[in-house]
Amino acid sequence: LADKPQPGERPQKPQVTYGPCQFPTLWFCVKRHCDIQAFQPVPYWLLAARVQIDGLSLDLHHTGGQLWEENAARALEERLRSCAAHGVIQKVETWRSPDPQPLPLNTVSMLKMASEELGIGPGDAMHIAERLYLDGALSYPRTETDKYPDNFDLQGTVRNIKADSVPWGHCADRLLREGLTPPRNDGVDVGDHPPITPMKLPKEGDRKGASWVLFSAICTHFLATISPEALFDQAEMTISFDGELFTTFSSRCVKKGWLEVDNRDASDEGPIDLRTLTGRQGDAVPVDSVELSERQTEPPGHLTESQLLEFMDEYGIGTDASMAQHVSNVQNRGYVRLDESTREMVPSALGLALANGFALVDHGLLLPSVRARIENECSNVAKGLITKEAVLQRTIRIFKRKFYNFARNLDRVFFMLGVAYALERGNAGRGDAAGEGLRLWQEAERKQQGIEMKQLLIDKEQAEFAEEEGGEPPEGGLRAHLESRTEGVRRVQQ
């Protein structure tokens, strides 16, 4: 879409680029957007009761959960309102629930933490982490490992970041005095680099800005991984009311453990510690009210940076060394806009147009499976099932055919760009070209909505390129063919 720059020459026009990681990254955002657009809310009803126990009011919810038939829900509400005004405690169940310390940080979990908790995007977080590494304050930040090696000097690392001048100093001091808790052993040692850990404190003059914020979070996370688990005493009470069961829940923190490192929330849940009601089975309790509320199912939100990283990791898009860059690329190229307040990735008109255009021409180039196919081919080379030369020749041949097919149908991309521009202005356009473009847009959206994410994941290991994919060179040469397609541009401009 822009003239190709000569070697050493900077492009003068914005460019639209394709990459087998970049476009699936965009597609994840577009897929969620299309699901939101297609969502149809469904009404449901919730039944709640309020009872009095020892002078305190308790809200309970019906064990039936969401009630989908309005008439049945209202009939149940009416029956309960008209019956006796007492319920009976059926049972009180209690248990102690541990909250284990977190796993050590690998690259993906660090990037997710930076976005979710600190509001620092993946690209910026990786840039900061690399600078801290070069300064000697952080271990190598590109790793898939989230398990400390057996010979890792945990105690020495704690000493390196202990100081009275840092917020976590007292936690580090306590760990050294009372002893370190063994870290979790359910992580994975990929064999590349150890987890991301602090190495030393930055100079006092450097303890500011986003760099210090991220370093501080990495320090407290490290200390949390070697702190005791948190413990909660929890309980659930079930009350029977005219044969219908209602429940309520309580939770009390009895040991903050690792949550204390950076003062994470461990608030009480429920106005009464229900453990105190153990042994009260069979007691009658007054029912103050029964209320039926109407709700609607809600669509999911747009993908956050953290959720996008999770999808990329799960579907094998990019590596620990490149994922942050792919997320930055789709933003920098204007395909996706970041909502700073929610960290949600919302596709722009350009991003939607490109995704829909690719869906119409060759959906396979857009989906995560395009990367899975390349990875599977590389894996077969590593296993000795095929030679590198054979894979290279075959892949070039297939992508060449795909390119010819794309060139033959390039006008569909132009149509999608035109429709996106019109829709962004609140005007679907007029004339045959506008009608044809809108029809193609809706066809592409149906294609996006029809893709099952779970099935893509199932098919990931078996994904491979088919020799027949693509097309033959257009008659008259590629340049003449592309120039002929500019008619589509003129029709869209009109």
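Predicted model: local features only at pLDDT ≥ 70, side-chain atom pairs only at ≥ 80, totals over all residues.
Begin by selecting residues 22-38, which make up helix H1. Its 17 residues should span 24 Å at 1.5 Å a residue, and the end C-alpha atoms lie 25 Å apart, which agrees. Colouring by accessibility shows H1 to be mostly covered, with 14 of its 17 residues buried.

Next, select residues 410-424, helix H13. From first C-alpha to last, this 15-residue helix reaches 22 Å, close to the expected 21 Å. Among the buried residues of H13 are Leu410, Val413, Phe414, Phe415 and Met416. Just after H13, Gly426 adopts a positive phi of about 75°.

**A buried loop residue**

Turn to Ile120, in the loop between helix H3 (107-118) and H4. Ile120 has a relative accessible area of 9% and is therefore buried.

**Two surface patches**

Display the surface and select Tyr133, Leu134 and Tyr140, a nonpolar patch with about 310 Å² of accessible area together. Tyr140 belongs to the loop between H4 and H5 and, at 31% relative accessibility, counts as partly exposed.

Then select Glu144, Asp150, Asp189, Asp192, Asp313 and Glu314, which form a negative surface patch. Asp150 sits in the loop between helix H4 (122-134) and helix H5 (154-160); its relative accessible area of 83% makes Asp150 exposed.

**Salt bridges**

The model contains 25 salt bridges. Select Arg79 and Asp242, whose closest N and O atoms are 2.6 Å apart. This pair links distant parts of the chain, 163 residues apart: Arg79 is in helix H2 (residues 70-82), and Asp242 is in the loop between strand S4 (230-241) and strand S5 (244-255). Arg79 is partly exposed at 33%, as is Asp242 at 40%.

Move to Glu310 and Lys112, which meet in a salt bridge of 3.0 Å, N to O. Because Glu310 lies in helix H8 (residues 305-315) and Lys112 in helix H3, the pair ties together parts 198 residues apart in sequence. Glu310 is partly exposed, with 45% relative accessibility.

Within helix H14 (residues 431-450), select Arg439 and Glu443, which are 4 residues apart and so separated by about one helical turn. Their salt bridge has its closest N and O atoms 3.6 Å apart. Arg439 is partly exposed at 43%, and Glu443 likewise at 24%.

Finish with Arg96, Asp233, Asp273 and Arg275, which are linked in a network of salt bridges.

Key. Residues numbered from 1 in each chain as written. Heavy atoms only, no water. Patch = residues over 30% accessible without salt bridge, like charges linked within 9 Å, V, L, I, M, F, W, Y side chains within 5 Å. Areas by Shrake-Rupley, 256 points an atom, 1.4 Å probe, with all protein chains shown as cover. Salt bridge = Lys/Arg side-chain N within 4 Å of Asp/Glu carboxyl O. Lys, Arg positive; Asp, Glu negative; His and termini not counted. Charge placed at Lys NZ, Arg CZ, Asp CG, Glu CD. Buried < 20%, exposed > 50% of the residue type's maximum accessible area, 1.4 Å probe, protein only. Expected span 1.5 Å × (residues − 1).
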